[in-house]
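Colleague: Could you take me through the helix packing and the core here? I'd like to hear what stands behind each label.

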Amino acid sequence: MEPAVRLTGITKKFGSAKANRNVSLSIMQGTIHAIVGENGAGKSTLAKLIYGMYRPDCGTMEINGKTVAFASSRDAIAAGIGMVHQHFMLVPTLTVAENVILGLEKKRLFSPLALKNSGDIIRELSRQYDFTVDPDALVSALSVGEEQRVEIIKVLYRDAGILILDEPTAVLTPQETDTLFAVLRSLCRAGKTILIITHKLDEVLAVADTVSVMKQGEITGTHPCRTTTKEELARMMVGRSILLRVENPVPSPGKTMLSVENLGYRADDGRYKLQKLNFSIRAGEIFGIAGVEGNGQSELLSLLWGVSRKSGAVSGKIMIDGTDITGKNPAEIAALGVSLVPEDRLKHAVITAYSVTENMLFGRHRETLFHNRSGFNRKTVNDFARKLGETYDVRCRDLDNQPLASLSGGNQQKVVVARELERPGLKLLILAQPTRGVDIGAIEMIHRSIIGARDKGAAILLISSELDELIALSTRIGCIYKGSIRRIFTETELSEGREKEHSFEQEIGLNIT
Amino acid sequence: MTFRSFRFFIPVLAVTAAGLCSVVIIALTGRDPFMIYEKLFRATLLSGYGSGQVLFKTTTLIFTGLAVALPFRAKLFNIGGEGQLQLGALAAAITGTLLPLSFPPAAAVPITAIAAMAAGGIWGGASGILKVKFGVNEVISTIMLNFIAQAATGYLLTCRFAVPSTEHTPEIGNSSMLPGLDDLFGIFTGSPANITILLALASALYAAWYLFRSRAGYELRAVGLQPEAADYAGIRSGRHVITVMSIAGALAGVAALNLVSGYKHYYESGLTGGFGFSGIAVALLAGAHPLWIVPAALFFGLIEYGGLAVGAYVPRDIFMIIQALTILIVIVLNAQKR
């Protein structure tokens with residue numbers, strides 16, 4: 001077996017920061033090689049270097065024994081390298097076959113396309129590697145997992161021998177993940193070389209042959225997956241021992257803080273996004289909602305937070321600590337003691353051009369404590385930000401002057417979590433994807449703060465696409481499917497489920513698809 | 001909570017580049033550019049009267065510049081400064097003539113100012129309401145409201161308030177007049193510069209405080225930067241849109257004090273002479289920063305009056321080209337930065 005990709009002493013600088021430092025790596029032909037690391041460790045940069053999107057500052061790269069220097073990804077494709085990006089690059093209004101040949105038409109304007117021919121090749125490829133893709137289906141009608149398969153087909157259609165997948169499971173359900181892994185294994189058997197970039201350690205151990213850990217731009221170790229453990233990988237990534245699962249002491253629920261009764265939401269096109277949705281959360285418990293994205297979670301969140309939906313019809317009611325919040329706006333809901341960590345942090349939770357301090361205040365700027373006539377009391381505000389920054393370990397140079405945009409994703413999220421968890425008189429905490437795009441070290445801290453808020457008596461709603469996060473934190477888990485809660489796992493079921501995690505995840509998976 | 005949201009480099013570069021272009025253009029007309037510039041500076045900065053003229057124009061431009069800059073922070077483009085100013089000026093002139101002569105200046109001047117601000121503010125606020133309630137783009141509505149203001153002031157002037165067989169309203173009462181800097185301090189002799197400049201500087205300071213120090217400004221800028229995030233933070237963006245458009249209209253309107261109470265003492269057609277539109281250029285050059293509005297207004301005031309002063313040698317249009325070039329270069333450089 002010889003290496004399909006061999007990197008020697010690769011360094012890539014952006015300005016003065018070295019994204020990759022003296023990286024040497026051999027990826028054997030016909031294997032699945034995973035690269036793990038925290039956000040900002042340089043994984044994506046390395047992938048983009050191999051795919052020709054960046055050029056290394058120094059070092060050499062060999063593909064199948066030949067030294068190469070790619071000027072663009074076009075060269076990399078010609079050398080048999082293909083990449084499946086984290087965000088799919090498909091045109092929804094075209095069919096699968098049309099998407100696959102996009103960019104390869106090699107036709108003069110107005111001459112007919114060889115669609116039938118390429119359709120046959122796609123069928124042949126999917127038969128060969130044992131997965132189903134209908135070349136005539138419209139991409140807009142496909143599920144996320146199917147879209148990903150189209151991306152893989154696109155790469156195979158271009159005769160790639162080396163496939164790079166960037167965070168391939170980020171958007172998949174447990175079942176879809178299993179399907180993807182089966183596809184990857186069959187590709188591997190056929191002699192393809194696969195490089196996976198990820199931060200999910202369980203999945204690495206489940207599918208990869210070899211794993212390399214990156215930290216601060218360097219490869220800190222390469223191990224065969226058979227002889228390594230999750231804990232060892234995590235320690236190599238972060239540089240210290242970390243708890244992969246926070247302690248979750250027995251909850252002691254109090255009175256009902258949130259009750260959602262027969263909630264329905266019909267969009268303007270007549271489709272129900274939420275239907276007969278019922279659940280309630282008591283003080284001191286964490287209610288997790290598991291579900292595939294697009295099953296009504298966003299609609300539920302915006303109704304809970306009173307964010308104006310310009311269209312559609314709402315029925316049913318939402319009670320927060322005995323108050324009906326129908327028709328209330330976010331400011332009024334927040335004043336009841338409700339905090340929200342929204343799904344899309346950059347779009348909804350922060351003003352990226354504002355300083356860290358100003359963001360610590362954002363949404364809480366109406367609290368009179370911070371006021372000084374019609375302006376702010378700068379000293380109070382700055383002290384408050386400093387205290388939050390220390391408690392939540394927000395890493396930045398200058399809280400008061402540094403724009404939030406310059407912080408890493410994990411630190412940005414810590415700012416949001418700090419602000420929302422420290423709301424005075426917190427009764428209900430709504431968390432949507434609280435650790436998305438956050439590195440392992442920060443995840444641990446955020447998880448501990450969430451448990452801390454629960455123990456102080458807040459009712460917590462946790463919406464997450466990470467099943468292990470839900471299982472680790474929740475007191476109960478509701479499975480949302482097509483706008484209703486299909487099944488609620490009780491406290492007892494959860495504590496049993498934590499013992500046999502994989503089968504429990506599968507069981508949850510069955511209730512959300 | 002910082003004042004540092006301004007890049008010094010771009011406006012300076014733009015002004016320099018536009019200046020160099022003008023040298024070429026003047027040379028193309030067959031004149032010696034250095035002679036023209038020497039005359040220009042002699043007629044403006046080196047003469048008391050000329051400096052006063054520049055200051056007079058600067059005063060109006062500070063107000064109309066602020067009227068564009070403030071809404072700009074909420075991602076609103078107020079093209080309506082001209083209409084707001086016209087209505088303000090007419091309102092000030094009418095109020096000044098209607099007030100009994102026995103009124104003390106301490107009462108008459110504020111009343112005139114309030115009338116001007118109310119007229120401009122309602123006009124600005126109207127496009128705010130159109131935007132919030134009906135979703136009308138403020139660029140469209142302010143342009144349309146400009147036409148209406150133009151026509152309405154024209155009608156009111158000729159058919160209602162003009163002194164018969166003239167094109168202007170009667171002169172305002174003595175008590176509503178503002179003293180010139182000439183009368184007060186004996187400087188800028190014979191020029192229309194008057195104490196409204198102090199109000200203009202105060203307005204710029206107040207606008208800076210409002211934007212960068214007040215809670216309303218904190219919310220307003222959030223609405224401009226990320227409207228959805230502002231929504232999630234419970235900020236009533238509609239209220240801010242209407243408020244800031246009203247404030248903008250009031251600022252443009254109150255420039256009437258400079259034109260009517262401080263200088264002409266009556267309203268005539270053409271009195272506002274495009275100051276509302278030049279305000280857009282001022283705001284863009286200043287990067288919509290209230291304090292930088294002052295030097296930007298001074299620059300445009302200099303070019304506008306300087307262009308008039310050397311009009312005997314080169315067409316004034318050349319200086320309009322410089323103004324336009326400056327703004328284009330600012331916009332291009334800002335786009336490059338991203």
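Modeller: Gladly! A nonpolar core is a set of buried Ala, Val, Leu, Ile, Met, Phe, Trp, Tyr and Cys residues joined through C-beta atoms within 7 Å, and a residue is buried if 20 or more other C-beta atoms, placed from the backbone, lie within 10 Å of its own. This is a predicted model, where local features need pLDDT of at least 70, side-chain atom pairs count only at pLDDT 80 or more, and totals for chains, interfaces and linings use all residues. Residues are numbered from 1 along each chain as its sequence is written, while chains are lettered from A and ligands numbered from 1 in the order in which they are written.

Colleague: Which residues have the most contacts inside the largest nonpolar core?

Modeller: A:Ile460 and B:Ile293, in a core of 254 residues. Helix H3 (residues 48-73) of chain B gives the most to this core, twelve residues.

Colleague: What makes H4(B) and H12(B) roughly parallel?

Modeller: The axes of helix H4 (residues 81-98) and helix H12 (residues 256-264), both of chain B, cross at roughly 30°. Angles under 35 degrees count as roughly parallel, over 145 as roughly antiparallel, 65 to 115 as roughly perpendicular and the rest as oblique. Therefore H4(B) is roughly parallel to H12(B).

Colleague: And why is H3(B) called oblique to H4(B)?

Modeller: Their axes come within 10 Å and cross at roughly 130°, so H3(B) falls under oblique relative to H4(B). Residues making that contact include B:Thr64 of H3(B) and B:Leu85 of H4(B).

Conventions:
Axes are lines fitted to C-alpha atoms, for helices over the stretch in contact, and angles run from 0 to 180 degrees between N-to-C directions. Helices (H or I, at least four residues) and strands (E, at least two) are DSSP runs, numbered from the N terminus. A residue is buried if 20 or more other C-beta atoms lie within 10 Å of its own, exposed if 12 or fewer, and partly exposed in between; C-beta atoms are placed from the backbone. Two residues are in contact if their C-beta atoms, placed from the backbone, lie within 7 Å.
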